[in-house]
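Open the structure in your viewer and keep the selection tool ready. The stops below go from the whole chain to a single residue.

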Amino acid sequence: SAPPPAPAAPPSVQRPRVATAAALPASAAQGAQRRPAVAEAAPAPPEPSPTPVPAPVPDALAQAVPEPAPTPANELAAAALATPEAASAASAAAAGEPPLAASPPVPALAPLAAAQGFEWPPSTRLSYQLRGNFRGEVQGTAQVDWLRSGARYQVHLDVRVGPNFAPLVSRRMSSDGELSPEGLRPQRYEEETRQVLREPRRRSITFSDTRIVLPGGKEHERLAGVQDSASQFVQLTYLFTLKPELLQPGRSLEVPLALPSNVDRWVYDVLAREVLDTPMGPIETFHVKPRRDTRPGGDLVAEVWFAPSLQYLPVRIKIKQDAETFVDLMLQRAPQQAQKE
């Protein structure tokens, strides 16, 4: 079922800003000062008194690659950080869909979220360097965009293997839906894969209140709290922000996932506390891994390293098809985040 028409866009907009040193650990803050965090395509004007990034849950991992030729990558990058409404319009234009407009205020959060003063963050971008193996050693880039307008959200994860101007393989994964007291509530998932000398492959999943329709038309019951390939990382960030005690070695949690091939309950294990050496300096993280085996032709399995000092954002993501096919993403710079409205 198609999502309801969105109301008019909000009357006021604000300029973007970059995560400041106050939001980073001391070692990361020093590295961040040496590496400019603003993309060259969209430099932000100096602000009189920078404000630390808010502590709520930001974007997660999904894949937001500006694939269409009419929208160059740097143009989409500039728009996606400008304002929630501009970001939505740019992303929607790239996907050939109506833009995400403002919606009514976010519904009241669950008692736990309200008690902890939880607030969804403004539009956020994460940029990653990519290394991996795909018929040999490969390099590339990846980007996650979290876009929010009222009670609506979009998550985009873009992955490019090879040079940006002519990637060998690229994949865009997008989740569109609503914010709810239980976290993200997807309404539609879109996936597009492009490979040199092949036709693009597109797949979509639609979510109604009670049913989920997979790309082949097969229907499944909608499980409570179900997520898609793009929204799952944001949902985990949301859960860890509200219940940080979950993010302890030896703990586990369950997240139902609707993938293009099936709908199932996935269990994520918290393996260990690890300090990662990033371009911003050492950052303490928690390594979280799905309790799934990889196999050729099977579901993609994504291990994630979440950083409590960076709003529980994923600093590293390793996506595996099997032992010989994987991509490993490492956060390249401090998160970029629009000012709160």
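This is a predicted model: local features need pLDDT of at least 70, side-chain atom pairs count only at pLDDT 80 or more; totals for chains, interfaces and linings use all residues.

Residues are numbered from 1 along each chain as its sequence is written, and side-chain values use heavy atoms, with hydrogens and water left out.

Select everything. The protein has 5 helices and 16 strands (DSSP runs numbered from the N terminus: helices are H or I with at least four residues, strands are E with at least two). Of its 341 residues, 52% are buried, meaning under 20% relative accessible area; exposed means over 50%, and partly exposed is in between (1.4 Å probe, protein chains only). The protein exposes about 15200 Å², an area from the Shrake-Rupley method with a 1.4 Å probe.

Next, colour by pLDDT, the predictor's confidence in each residue, from 0 to 100. The average is 74, and 64% of the residues score at least 70. Select residues 73-80: this is helix H2, where confidence is lowest, at a mean of 33. Then select residues 211-213, strand S8, where confidence is highest, at 97. Over residues 4-112, pLDDT stays under 50.

Now select Leu168, in the loop between strand S4 (152-161) and strand S5 (169-180). Is Leu168 buried or partly exposed? Leu168 is partly exposed, because its relative accessible area is 48%.

Conventions
Contact means heavy atoms within 4.5 Å.
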